[in-house]
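Subject: Structure for you to look at

Hello,

Here is the structure you will be working with. Please open it first and then read the notes below it.

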Amino acid sequence: MARPEPDCPVEVALAAVSGRWTTLVLRELMGGPLGFSELRERLPELSAKVLSQRLRELCERGLVTVERRRGFPVRTSYTLTGAGRALRPLLIELYATGEALLAADRPQV
C-alpha cells in the first residue's frame, strides 16, 4: 500500500489541526484576536506550557500571527491568518462528524 504524499491536501489539512488542544485554540481564535491570558482563561485546563507550544506551532504552520505591543507589561495578541480562518469549515465538519460518531456509539433505547 502506498504512503500518502506529503502534499496530499487531506494530509495537509489534518496536519494543520493535529496536536492535542490545537482545535480548541483555533476555535477560540476564530472569534478574533486574543492575548495569552485570555486564551488561558477560556481554556483553563490547558497548561501555560502546552498553550505556548501550540501557539508556536500554529505560528510556524502559518495559521496564526503574533503581535507584541510595547509597554509594561508587553501585550501579546494572537490572530488567525487567512489560512487559519480557512480551517473554519473543517473544524465545523469535524465537530459534526464527532457528534455523529458519538451518537452511533450510544446504545439505542
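In which helix is Ser 52 found? Ser 52 is found in helix α4. Helices here are DSSP runs of H or I with at least four residues, strands are runs of E with at least two, and both are numbered from the N terminus.

Before the rest, some notes on the source. This is a predicted model, in which local features need pLDDT of at least 70 and side-chain atom pairs count only at pLDDT 80 or more, while totals for chains, interfaces and linings use all residues. Residues are numbered from 1 along each chain as its sequence is written, and side-chain values use heavy atoms, with hydrogens and water left out.

Helix α4

Ser 52 has a relative accessible area of 30%, so it is partly exposed. The terms work as follows: buried is under 20% relative accessible area, exposed is over 50%, and partly exposed is in between, with a 1.4 Å probe and protein chains only. Ser 52 and Phe 36 are 16 residues apart along the chain, and their C-alpha atoms are separated by 8.4 Å.

Arg 54 also lies in α4, which covers residues 48-60. Arg 54 counts as buried because its relative accessibility is 13%. Its side chain reaches the backbone oxygen of Arg 20 at 2.7 Å. Leaving aside neighbours within four places in sequence, Arg 54 is in contact (heavy atoms within 4.5 Å) with Gly 19, Arg 20, Trp 21, Thr 22 and Val 25.

Helix α2

Two of those contacts of Arg 54, Thr 22 and Val 25, are among the buried residues of α2, together with Leu 26, Glu 28 and Leu 29. Why do these residues lie on the same side of α2? They do so because they cover an arc of only 160 degrees around the axis, the arc being that of the directions from the helix axis to the C-beta atoms. An α-helix has 3.6 residues a turn, so residues three or four places apart point the same way.

Glu 28 has a relative accessibility of 12% and therefore counts as buried. Not counting residues up to four places away in sequence, Glu 28 touches Leu 34, Leu 39, Arg 42 and Leu 43.

Pockets

A pocket is found on a 1 Å grid over the protein atoms alone, as an open set of points with protein on both sides within 12 Å along at least five of seven lines; lining residues have an atom within 4 Å of a point. A volume is the space filled by probe spheres set on the points.

The largest pocket has a volume of about 270 Å³. Which helix gives the largest share of its lining? That is α6, with five residues. Both α2 (22-29) and α6 (88-105) supply at least two residues each. The lining includes Thr 23, Leu 24, Arg 88 and Tyr 95. By class, there are six nonpolar, one polar and two charged residues in this lining.

The second largest pocket has a volume of about 180 Å³. Among the residues that line it are Phe 36, Glu 38, Arg 69 and Ser 77. Here α3 (36-42) and β3 (75-80) each supply at least two residues. This lining has three nonpolar, four polar and three charged residues. In these counts Ala, Val, Leu, Ile, Met, Phe, Trp, Tyr, Cys and Pro are nonpolar, Asp, Glu, Lys and Arg are charged, and the others, Gly among them, are polar.

Regards

Definitions and conventions
On a 1 Å grid over the protein atoms alone, a cavity is a set of points where a 1.4 Å probe fits but cannot get out, and a pocket is an open set with protein on both sides within 12 Å along at least five of seven lines; lining residues have an atom within 4 Å of a point. A polar contact is a pair of N or O atoms within 3.5 Å; within protein, one must be able to donate a hydrogen and the other to accept it, and residues adjacent in sequence count only if both atoms are side-chain atoms.
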